[in-house]
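Biologist: Hey, I've just opened this one and I'm new to it. Can you walk me through it?
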Amino acid sequence: STASCNCPFSNLSSPVVSDRPPPVIRQGPSNQTVAVDGTVVLSCVTSGNPTPTILWRKDSVLVSTHDSRVKQLDTGALQIRYAKLGDTGTYTCIASTPSGEASWKAYLEVQEFGSPVQPNRPTDPNLIPSAPSKPEVTDVTRTSITLSWKPNLNSGATPTSYIIEAFSHASGSSWQTLAEHVKTESFVLKGLKPSAVYLFLVRAANAYGLSDPSPISDAVKTQDIPPTSQGVDHRQIQRELADVVIHIHNPSILSSSSVRVQWTVSISFLQ
């Protein structure tokens with residue numbers, strides 16, 4: 001299961017960017033299969049300042065804890081006891097602070113007695129990669145940046161790919177996954193918004209799951225749009241100027257060193 005992260009600051013000193021980035025889900029729920037009457041725990045480990053508020057949704061509807069079988073634990077995890085067939089669905093953990101939010105989805109399948117239940121993936125943390133280093137940003141243009149990082153090979157398993165997430169108020173209030181299945185340790189992110197401030201993080205992945213997120217990058221602002229090209233349609237301007245007619249009236253001599261020149265401007269509005 002992967003993070004389903006839902007990609008305008010006025011300047012780099014914005015406190016929202018530098019001091020209070022949106023929360024991050026370090027480890028979210030994984031896809032699970034459980035038999036009827038079994039117990040399932042969907043984890044949601046978060047970090048953020050202030051401490052994020054955690055909500056759970058099932059198929060886009062807020063999970064009700066009025067059901068005595070369903071309980072949100074102090075860790076933020078969602079526990080379901082005596083599972084029913086109707087508990088099958090997509091569960092989303094949403095972590096939010098005033099700065100923004102992050103979300104992570106997983107699918108829970110409840111099967112009837114006698115059905116072969118697929119064993120869940122091993123949860124041994126040694127099989128999951130460790131978090132990469134803090135990503136560095138270079139080669140900033142109006143709509144792209146180059147992001148590079150290093151894997152942590154001192155602990156955890158070897159990563160087979162990377163996932164890149166980004167946050168910018170210019171693109172919404174939550175983290176967005178901009179690239180998946182990245183095989184290199186440097187990547188060019190394209191399609192960014194000009195004159196916008198971004199934060200980035202990277203996760204390592206392998207067959208057993210995703211690493212914790214890397215430290216969040218320094219805030220970076222993409223280049224501005226050149227003033228001469230901001231929404232200017234030069235052909236339209238030429239067409240409009242072609243409809244302008246200037247009529248110069250006969251000048252009036254005021255003195256030996258001055259004259260008065262008058263003119264009128266008429267514009268044709270014919271299409």
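Biologist: Let's start with Thr146. Where is it?

Modeller: Thr146 is in strand S12, residues 145-148. Strands here are DSSP runs (E, at least two residues; helices are H or I, at least four), numbered from the N terminus. Keep in mind that this is a predicted model: local features need pLDDT of at least 70, side-chain atom pairs count only at pLDDT 80 or more, and totals for chains, interfaces and linings use all residues. Residues are numbered from 1 along each chain as its sequence is written, and side-chain values use heavy atoms, with hydrogens and water left out.

Biologist: Is Thr146 buried or exposed?

Modeller: Thr146 has a relative accessible area of 13%, so it counts as buried. The cut-offs are under 20% for buried, over 50% for exposed and partly exposed in between, with a 1.4 Å probe and protein chains only.

Biologist: And what does Thr146 touch?

Modeller: Leaving out residues up to four places away in sequence, Thr146 touches Glu136, Val137, Thr138, Asp139, Ser186, Phe187 and Val188. Contact means heavy atoms within 4.5 Å.

Biologist: You mentioned Asp139. What's its phi?

Modeller: Phi of Asp139 is near 50°, a positive value in a residue other than glycine. Most residues other than glycine have a negative phi, and most peptide bonds are trans. Asp139 sits in the loop between strand S11 (136-138) and S12, and with 57% relative accessibility it counts as exposed.

Biologist: Which other residue has a positive phi, near 75°?

Modeller: That's Ser60, again a residue other than glycine. Ser60 is in the loop between S5 and strand S6 (61-62), and it counts as exposed at 63% relative accessibility.

Biologist: What about cis peptide bonds, which residues does one join?

Modeller: Asn49 and Pro50 are joined by a cis peptide bond, with omega about 0°. Pro50 is in the loop between S4 and S5.

Biologist: Switching topic: how many disulfides?

Modeller: The count comes to 1 disulfide, taking a disulfide as a pair of cysteine sulfur atoms within 2.5 Å. Cys44 is joined to Cys93, S to S 1.7 Å. The torsion about their S-S bond is about -65°, so the disulfide is left-handed.

Biologist: What does the Cys44 and Cys93 pair tie together?

Modeller: Cys44 is in the loop between strand S3 (40-42) and strand S4 (45-47), while Cys93 is in strand S9 (residues 89-97), so the pair ties together parts 49 residues apart in sequence. Cys44 and Cys93 are both buried.

Biologist: Which strands make up the open sheet of 3?

Modeller: The order is S3-S8-S7, with antiparallel pairing. Two strands pair if DSSP finds at least two bridges between them. S3 and strand S7 (70-72) are the edge strands, each pairing on one side only. S3 and S8 are antiparallel over 3 bridges, and Val40 has Ile80 as its bridge partner in S8.

Biologist: And which strands form a hairpin with 2 residues between them?

Modeller: S20 and S21 form that hairpin. Strand S20 (residues 252-255) and strand S21 (residues 258-260) run antiparallel, joined by 3 bridges, and Ser255 stands opposite Ser258 in S21.

Biologist: Last one: how many aromatic pairs are there?

Modeller: The count comes to 3 aromatic pairs. Rings of Phe, Tyr and Trp (its six-membered ring) pair if their centres lie within 6.5 Å; planes under 30 degrees apart count as stacked, over 60 as edge-to-face and the rest as tilted. One of the pairs is Trp149 and Tyr162, whose ring centres are 5.3 Å apart with planes at 65°, so it is edge-to-face. Tyr198 and Phe200 form a stacked pair, 5.9 Å centre to centre with 10° between the planes.
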